[in-house]
Amino acid sequence: MIIIGEKINGSIPKTAAAIAEKNEKYIRSLARKQTKARASYLDVCASVAVEKEPETLKWLIDLVQAESDLPISLDSPNAGVFKEAVKLCKKPGIINSVSMEGDKIDQVFPVIAGTAWNVVALLCDNSGIPQDSQQRIDVFKQILKKAESFKIDPSRLFVDPVVEMLCTAEDGIAKITETIKAVKEICPEVHITSGASNISYNLPMRKFINRGFIILCMGAGMDSAIIDPTNEDMLALIYAAEALLGRDEMCMNYISAFRDGLFGEA
């Protein structure tokens, strides 16, 4: 499972406060703890006013890279910041994100063409979030065609099927799992990623919904998640699911994680 550590994100209140206060110690600790928990990438999202974003991103990237050798997932709704931000990173990571909305994809793909950078691709367009899985699949085909035109290999795409609130969904997560299965059938090389938090908005005991969502999506073909890797219960479930799905030969990753204490005390 490709885990993108979510904690260095200004949309999280404690992280937002640390960014506003320029609390280097707190940001460094987030980078260090997520690295120890075996994250694959560290999300870095400033979530500040547009005019402050470039300098804030630089500050965050410098702190993260001082604590961790993990590649960074640059996270911003403003496609214009990526061109300079990638230059600050010591190694290729992930850009989060593009879609078929506006000109985002035409701003980002030229930046990563000819590099080893990956990119999160949201399955939405100018009409918003598609209301059924077939429409999302159609958006995926457009994104795939765009990637081909820039010679971006499909293996560099992290497709996000776009998760909406469960409490307003008529069919649970059937739309999501259908989309995941169809995308993987069309192009097995792509990765599928998603955050867990959107699914549980406005519901009590959100952690149980989030965990169930990740496991069901893994069964459909998801191989990446934007989560808190220091959440021992979630991490243990992910390792267990990989073993149960036959993605962990002889359960060695599960056993190794347990021996390293990633699941907490037995």
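A residue counts as buried when its relative accessible area is under 20%, as exposed when over 50% and as partly exposed in between, with a 1.4 Å probe and protein chains only. Y41 and F158 are both buried. The model is predicted, so local features need pLDDT of at least 70 and side-chain atom pairs count only at pLDDT 80 or more, while totals for chains, interfaces and linings use all residues. Residues are numbered from 1 along each chain as its sequence is written, and side-chain values use heavy atoms, with hydrogens and water left out.

The structure contains 4 aromatic pairs, that is, rings of Phe, Tyr and Trp (its six-membered ring) with centres within 6.5 Å, called stacked under 30 degrees between planes, edge-to-face over 60 and tilted for the rest. Y41 and F158 make an edge-to-face pair, with centres 6.4 Å apart and planes at 85 degrees. This pair joins distant parts of the chain, 117 residues apart: Y41 lies in strand 2 (residues 41-44) and F158 in strand 6 (residues 157-160). Strands (E, at least two residues) and helices (H or I, at least four) are DSSP runs numbered from the N terminus. Elsewhere, Y239, Y254 and F263 are linked into a cluster by ring pairs.

Two helices also meet. The axes of helix 5 (residues 104-112) and helix 6 (residues 133-149) come within 10 Å and cross at roughly 35 degrees; axes are lines fitted to C-alpha atoms over the stretch in contact, with angles from 0 to 180 degrees between N-to-C directions. I105, D106 and F109 of helix 5 touch I143, K146 and A147 of helix 6, contact meaning heavy atoms within 4.5 Å.
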